[in-house]
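Please take a moment with the sequence and the structure shown here, and then follow the paragraphs below, which go through them step by step.

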Amino acid sequence: MPYPSGRAAFGAGVRALLPLTPGVIPFGLVTGVMAVKMGMSPTMAIGMTLLFYSGSAQMVALQLIQGGVLPVAIVATALIINLRFIMYSASLAPYLHALPRRWTWPLSYMLSDQAYALCVLRLSSGELGRYGYHYYAGTAAAMWLAWNLAVVAGVFLGGSIPESWSLGFTIPLSFLALLVPGIRNIPALVAAIVGGGIAVAAVDLPYNLGLVTASIGGVVAGVVTESLRRKASQADYRAEGESQ
Amino acid sequence: MSDLALWGLFLAVGVGTFALRLSFVELYGNLRVPPLVSRALAYVPASVLAALVLPAVVYPEGHGDFVLGNPQIPAAVLAALVAWKTRNTVLTLAVGMGALWGLKMLMH
């Protein structure tokens with residue numbers, strides 16, 4: 001259904017995001033808590049959150065900063081994790097590119113996994129009508145606000161949580177919560193097994209090279225598996241065709 | 001790392017991430033991703049996240065010393081099962097942390 005006005009479309013976008021907040025708030029809290037636990041000032045933790053606006057990259061960066069990894073390697077790792085935004089940008093571009101920069105720049109900064117997932121199908125079906133970007137803006141702005149408020153809450157709670165709670169373990173757990181539902185096919189599973197396996201074997205490589213090697217190895221394994229499976233299914237198809 | 005170096009790091013990641021998000025919106029029509037690259041990008045999250053999770057679970061001390069009776073491994077396996085069955089972040093975190101605390105209490 002097309003919305004009658006930009007305001008109505010924006011409101012609908014905000015309401016569409018609300019059911020996702022229970023998955024976002026704990027991540028934000030943990031991110032804020034981790035940042036202050038590492039000895040960052042609240043200003044710094046919040047500045048980092050606003051500049052990154054990317055939970056997984058921020059968690060990774062926090063872990064690597066704590067591990068004393070070379071800053072260049074930390075920046076490279078964070079950007080590799082965020083490469084997926086190129087794909088999101090490419091699929092949203094047809095609906096956003098004609099807008100003036102006072103719209104496209106803030107809307108691009110607020111691009112997130114959640115806002116993308118909520119909007120991409122509805123935008124491409126054309127059902128949102130001319131106010132489609134208002135709907136996107138509603139999801140993106142609501143997500144931005146939910147995330148940042150959750151991190152700020154975590155920052156101010158952080159100091160009061162004792163060490164014996166082993167809260168550091170929430171970082172791999174939250175990555176696990178992102179990783180497992182994201183594995184939807186065999187090549188993605190192979191990518192995860194190879195990536196994780198290399199990372200465990202190569203953990204003692206200097207300058208965090210283990211993580212970079214493992215990430216590249218996993219991606220290559222995923223692409224190769226996908227190609228092999230495609231060839232195999234084509235061969236099956238041909239064999240069936242010949243037997244008939 | 002000094003505070004100034006950290007701010008520089010945050011700014012570099014922030015500007016880089018913004019450029020990734022803006023890329024196609026800004027350069028629409030002038031930019032094409034080769035098919036192989038877009039296929040490869042689909043496997044980045046699985047590969048990177050697994051490369052982060054596994055060492056952090058297997059080596060609680062942060063480097064390559066395997067610890068016998070590490071309670072993080074069963075806790076993570078349980079959490080992975082919950083994530084697989086429910087796709088629920090809160091439940092995954094709750095079960096994982098609960099299992100870790102329970103196992104630590106049993107071992108002491």
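Which residues of α11(A) are buried? The buried residues of α11(A) are A:Pro187, A:Ala188, A:Val190, A:Ala191, A:Ala192, A:Val194, A:Gly195, A:Gly196, A:Ile198, A:Ala199 and A:Val200, where a residue is called buried if 20 or more other C-beta atoms lie within 10 Å of its own, exposed if 12 or fewer do, and partly exposed in between, with C-beta atoms placed from the backbone. Helix α11 covers residues 186-201 of chain A, and its 16 residues reach 22 Å from the first C-alpha to the last, close to the 22 Å expected at 1.5 Å a residue; the expected span of a helix is 1.5 Å times one less than its number of residues.

Before going further, note that this is a predicted model, in which local features need pLDDT of at least 70 and side-chain atom pairs count only at pLDDT 80 or more, while totals for chains, interfaces and linings use all residues. Residues are numbered from 1 along each chain as its sequence is written, and chains are lettered from A and ligands numbered from 1 in the order in which they are written. The predictor gives the complex an ipTM of 0.81 and a pTM of 0.74. For chain B the mean pLDDT, which is the predictor's confidence in each residue on a scale from 0 to 100, is 88, and 97% of the residues of chain B reach 70 or more.

Chain A as a whole has 12 helices and 0 strands, where helices (H or I, at least four residues) and strands (E, at least two) are DSSP runs numbered from the N terminus. The C-alpha trace of chain A spans about 70 × 60 × 30 Å along its principal axes, and of the 244 residues of the chain 46% count as buried. Two residues are said to be in contact if their C-beta atoms, placed from the backbone, lie within 7 Å; among the contacts in chain A between residues at least 6 apart in sequence, 74% join residues at least 24 apart.

Chain A is assigned two stretches, domain 1 (6-165) and domain 2 (183-244), with bounds that come from an automatic or database domain assignment. The C-alpha centres of domain 1 and domain 2 of chain A lie 28 Å apart, and 6 residues of domain 1 of chain A are in contact with 5 residues of domain 2 of chain A. On the side of domain 1 that touches domain 2, the largest share, 3 residues, comes from helix α5 (residues 71-81) of chain A.

Just after α2(A), A:Gly39 takes a positive phi of about 95°. In the loop between α3 and α4 of chain A sits A:Tyr53, which has a positive phi of about 40° although it is not a glycine; A:Tyr53 counts as buried because 23 other C-beta atoms lie within 10 Å.

How do the two chains meet, and how many residues are in contact? In the model, 74 residues of chain A are in contact with 60 residues of chain B, and the largest share of the chain A side, 13 residues, comes from α10(A). One residue to look at is A:Leu51, in helix α3 of chain A, which counts as partly exposed because it has 19 C-beta neighbours inside 10 Å. Leaving aside its neighbours within four places in sequence, A:Leu51 is in contact with B:Phe10, B:Leu11, B:Val13 and B:Gly14.

In chain B, the domain assignment gives domain 1 (1-32) and domain 2 (44-107), and 31 Å separate their centres, taken over C-alpha atoms. B:Arg87 is found in the loop between α4 (72-86) and α5 of chain B, and its phi is near 55°, a positive value in a residue other than glycine.
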